Amino acid sequence: MRHPSRGHRRHSLAGQLFLMQAIVVAVVVTGGAGLASVKAERGTSDSARHQVIAVAAGIADAPTTAAAVTGADPSRVLQPYADQVQRDTGVDFVTIMRPDGIRYTHPNPAMIGKRFLGNTGRALAGHTFTETYTGTLGPSVRVVTPVFGSRHQVVALVSVGITVRTISAQVRAQVLVLVAVALIALAVGGVGTYLANARLRRHTHGMSTAELSRMYEYHDAILHTVREGLLLLSPDHRIVLANDGARELFRLPADVEGRHVAGLGLPEALTAALSGDVPCLDEIHLTRDRVVVVNKSAVTSGTRDLGSVVTLRDHTELQALSGELDSVRGFAESLRSQTHEAANRLHTVVSLIELGRTDEAVEFATAELEIAQRFTDQLMEAVAEPVLAALLLGKAAQANERGVELVVTPDTQVDDDAIPDGLEARDLVTILGNLVDNAIDAAADGEGRPPRVFVTVRADAGALVLRVADTGRGVESDAVRNVFRRGWSTKPGARPSGRGLGLALVAQAAARHGGRVDVDRDVGAVFTVTLPLHEEVNA
């Protein structure tokens, strides 16, 4: 989400990190180069001191040196020797002198015979020492060491030195190399930092830290305030994020992030939908106590699979209202059919009266009223619960219109106070209404058998028993395990789909109240729902 039109655009997070990293790299490289330069200079000076000490000690210990200084013309012997050592060792001067400082050798022959410029006191005492001194060749790091005779007396002095100019030239060469390496390191670090931040810029869409923080706060607030459930799944179908709505719908644990959807204890069909690679569009699934509409779509970035987004809508209340609406529609249809039948009977009575057959008209009308009233009286006497009584009256009219006889068995008996408040009438309508509807459909296709539906509603032994039997085809033994799955149908050749929720809702409502559903077979199918009658129902 970028806002190029924003007036005062803050630097992006990637830009801020790039600037900070570039400064850090520059400081580190510059500091390293400076420390390396100081170390190189110090090391070069130390190396020069060690070098001149070694050269001077070698000359002083050489037998030819002590022999030459006691000879008739020491300079003739020692000057070539000193020049050779100077060329071989790379020092700037080798001076051999008498104990009083008169030179036997010097790089400049004009200086031979003249007094040595420097300190010699410690060497005359028999000690070797180093110093930085400005002589005829300029400032130099030099060493002065004694030459001992046969009686261990000081017979001569040797001074070897390297000028500061030579040392500085060596340091400059090393510093140039260090600077070149530092520039290369800075360039490589800069390029690496730029590439890393370019990738970061793509991932953050060029947003600043304030924008990222604000977006996180907005998104977090949205995720936790929307009533619809939201799940973010990784490519391997693990939970990346679950908002409050999803946790409530699926009763997810607090540590659900990272778990695979197969380990959430969801129904098999719902687990298959969430873990599959096929998108879902308004699929209806049932959990233990909810009806959920599931939508699922993949999330990609270029060719990368980032997982999928699942949205969940609670369809429980709407499904219940739809069931009630279907019941009302059924009642209306039954009233329409009864009105139609009543009109036909009324016309018959009127016609008989017009024909002067009053006795036949009274007998016909009385017989029809007795038939209708007998079923109503029987039902109202057996089922005192008004919702169930009204439901069965409506279903009886629907069954009659389709040519199916709905029979309330003699052992049906439910008192008005037998059903506790915790057992909602809506759930009773869902259970009994769906079972009767399926039974009517099955009985209507009963292959020549008398189309009948037998309903038993009985409250005894602390349980409410709802039994519905029909004279239809029945349920095959291999289909019993699938009969309560979403999309299963009692109609031959029907395929599972997003519809066919009746029996699944029956099982869900029964489980919600701690009951059970049994399937049997007599002439046709027999469904028995047993619900415990107690105030505390399982939620």
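## Exercises on helix packing

In this predicted model, residues 24 or more positions apart make up 56% of the chain's contacts with a separation of 6 or more. The chain has 539 residues, 37% of them counted as buried, and its elements come to 13 helices and 14 strands.

**Exercise 1.** Work out what span helix H12 should have, and check it against the model.

*Solution.* Start with the residue range: H12 runs over residues 425-444, which is 20 residues.

**Exercise 2.** How enclosed is H12 by the rest of the structure?

*Solution.* Count the residues with under 20% relative accessible area. In H12, 14 of the 20 are buried, so the helix is largely enclosed.

**Exercise 3.** Describe how H11 and H12 pack.

*Solution.* Two packed helices are described by the angle between their axes and the distance between the axes. For H11 (residues 386-401) and H12, the angle is about 20 degrees and the axes are 10 Å apart. Angles under 35 degrees count as roughly parallel, and H11 and H12 therefore fall in that class. Their crossing is right-handed.

Then see who touches whom. H11 brings Val387, Leu388, Leu391, Leu392, Lys395, Gln398 and Ala399. From H12 come Ala425, Leu428, Val429, Leu432, Gly433, Val436, Asp437 and Ile440. Sorted by class, that contact has eleven nonpolar, two polar and two charged residues.

Definitions and conventions:
Residues are numbered from 1 along each chain as its sequence is written. This is a predicted model: local features need pLDDT of at least 70, side-chain atom pairs count only at pLDDT 80 or more; totals for chains, interfaces and linings use all residues. Side-chain values use heavy atoms; hydrogens and water are left out. Helices (H or I, at least four residues) and strands (E, at least two) are DSSP runs, numbered from the N terminus. The expected span of a helix is 1.5 Å times one less than its number of residues. Buried means under 20% relative accessible area, exposed over 50%, partly exposed in between (1.4 Å probe, protein chains only). Axes are lines fitted to C-alpha atoms, for helices over the stretch in contact, and angles run from 0 to 180 degrees between N-to-C directions. Angles under 35 degrees count as roughly parallel, over 145 as roughly antiparallel, 65 to 115 as roughly perpendicular and the rest as oblique. A crossing is left-handed if the near helix is turned anticlockwise from the far one by less than a right angle, and right-handed if clockwise. Contact means heavy atoms within 4.5 Å. Ala, Val, Leu, Ile, Met, Phe, Trp, Tyr, Cys and Pro count as nonpolar, Asp, Glu, Lys and Arg as charged, and the others, Gly among them, as polar.
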